Amino acid sequence: MHKFAGKVAVVTGAGSGIGQALAIELGRAGASLAISDVNTDGLAQTEEQLKAIGAPVKTDRLDVTEREAFQAYADEVNDHFGKVNQIYNNAGLTHIGTLELSDFKDIERVIDVDFWGVVNGTKAFLPHLIASGDGHVVNISSVLGVMALPGQVAYVSAKFAVRGFTEALRQEMAAAGHRVGVTVVHPGGVKTSFGTNAGVAEGMGIDHDEMLENFDQQVAKTTPQQAAQTILAAVGKNKARVLVGADAKSADLLVRAASNSYHEVLFGGPGVLGRVTTFGRRMLARMR
Ligand SMILES: NC(=O)c1ccc[n+]([C@@H]2O[C@H](COP(=O)([O-])OP(=O)(O)OC[C@H]3O[C@@H](n4cnc5c(N)ncnc54)[C@H](O)[C@@H]3O)[C@@H](O)[C@H]2O)c1
């Protein structure tokens, strides 16, 4: 745990879910924490748990879309702890909607939080991470940054962008000779408040409660603690990327195996793979 003990770690969106679990696991591993969120009630609970562990913690309300506040916050954290080693750009949300049914404001909100929030955090903290001589940037993308699905067009766009941004940054840090590791994280379904916080575009014909039940029972198979432990194990090894959960690993395999035709495997389609899938589904239905 030398990667974490005695290190200063910043976690955004630390008031809930994966961010909260990351903060607690980092605290248990001996790190000092700078935690932030717009959800101040959840944040207070995280702070309480960190204090119970005995981890030094600085707690602030921070909206990751507010660039100037983020820059000032980076300096404050550095002044407070005397250094900063790691940032976990985790804060995020989604809005369910096809492009046709999504308003510009909803698309912009998702891109602002999920993409610009990551850029703001990385750029604000990068000088401090470089100066620490042992820095690490961890950006939370999604399985939807590996595979596109219909109905979450803004989220897919933001998460693919986080992946590209993070992969490019890793190469830039190496080329410049900076001792800053960079990891992109692609979680599959994780049991958090993510579904509860999701907006739904009008006209999608989706009942929010039904969607939530489906997310909790069918999609979210990994606990936040399992996700956090998987992420920290990968950061400890300075992995370029980490897939969290069997669902994310399967999706990644499918995209590699089927290349641009993966949607045909998932939904059936005009190509050979689509016909095979449709045929397979019919056979399965007959066998039931
Ligand atoms: N839960 C999943 O199935 C899943 C899957 C893939 C990726 N992710 C990603 O994991 C990350 C964490 O999500 P989670 O599942 O823990 O969800 P969550 O809703 O439980 O936690 C997200 C936190 O981010 C905070 N947040 C939202 N907007 C913010 C803003 N503008 N500024 C600061 N904080 C803000 C929320 O208040 C919340 O506390 C997100 O980036 C999400 O896209 C989640």
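The following dialogue goes through some labels attached to this predicted model and the values behind them.

Trainee: Why is Gln-152 called buried?

Mentor: Its relative accessible area is 19%. Buried means under 20%, so Gln-152 counts as buried.

Trainee: Where is Gln-152, and which residues is it in contact with?

Mentor: Gln-152 sits in the loop between β6 (135–140) and α5. Leaving aside neighbours within four places in sequence, Gln-152 is in contact with Thr-94, His-95, Ile-96, Gly-97 and Leu-144.

Trainee: Why is Lys-239 called partly exposed?

Mentor: Lys-239 has a relative accessible area of 40%. Under 20% is buried, over 50% is exposed, and partly exposed is in between. The value of 40% therefore makes Lys-239 partly exposed.

Trainee: What surrounds Lys-239?

Mentor: Not counting residues up to four places away in sequence, Lys-239 touches Arg-170, Val-182, Thr-183 and Ala-234. Lys-239 belongs to the loop between α7 (224–236) and β9 (241–244). For a distance, take Gly-117: it is 122 residues from Lys-239 along the chain, and their C-alpha atoms are separated by 22 Å.

Trainee: Asn-238 is in the loop between α7 and β9. Is Asn-238 buried, partly exposed or exposed?

Mentor: Asn-238 is partly exposed, because its relative accessible area is 33%. Its phi is near 50°, a positive value in a residue other than glycine.

Trainee: What makes Ser-259 partly exposed?

Mentor: The relative accessibility of Ser-259 is 42%.

Trainee: What is the phi of Ser-259?

Mentor: Ser-259 has a positive phi of about 50°, although it is not a glycine. Ser-259 is found in the loop between α8 and α9 (262–267), just after α8.

Trainee: Which residues of α8 are buried?

Mentor: The buried residues of α8 are Ala-248, Ala-251, Asp-252, Leu-254, Val-255 and Ala-258.

Trainee: Why are they said to be on the same side of α8?

Mentor: They cover an arc of only 160° around the axis, which puts them on the same side of α8. The face turned away from that buried side carries the exposed residues Ala-246, Leu-253, Arg-256 and Ala-257.

Trainee: How does the reach of α2 stand against the expected value?

Mentor: Helix α2 (residues 40–53) has 14 residues and reaches 20 Å from its first C-alpha to its last. That is close to the 20 Å expected at 1.5 Å a residue.

Trainee: Which residues of α2 are buried?

Mentor: Gly-42, Leu-43, Thr-46 and Leu-50 are the buried residues of α2. They cover an arc of only 100° around the axis, which puts them on the same side of α2.

Trainee: What covers the buried residues of α2, and what is on the face turned away?

Mentor: The cover includes α1 (17–28), β2 (32–37) and β3 (57–61). Asp-41, Glu-48, Lys-51 and Ala-52 are the exposed residues on the face turned away from the buried side.

Trainee: Why is Arg-282 called exposed?

Mentor: The relative accessible area of Arg-282 is 52%. Exposed means over 50%, so Arg-282 is exposed. Arg-282 lies in helix α10 (residues 272–287).

Trainee: Which residues come nearest to the ligand?

Mentor: Of the 30 residues around the ligand, Ser-16, Asp-37, Asn-90, Tyr-155 and Thr-192 come nearest.

How values were computed. Residues numbered from 1 in each chain as written. Predicted model: local features only at pLDDT ≥ 70, side-chain atom pairs only at ≥ 80, totals over all residues. Heavy atoms only, no water. Helix = DSSP H or I, 4+ residues; strand = E, 2+ residues; numbered from the N terminus. Expected span 1.5 Å × (residues − 1). Buried < 20%, exposed > 50% of the residue type's maximum accessible area, 1.4 Å probe, protein only. Arc of directions from axis to C-beta. Contact = heavy atoms within 4.5 Å. Near = heavy atom within 4 Å.
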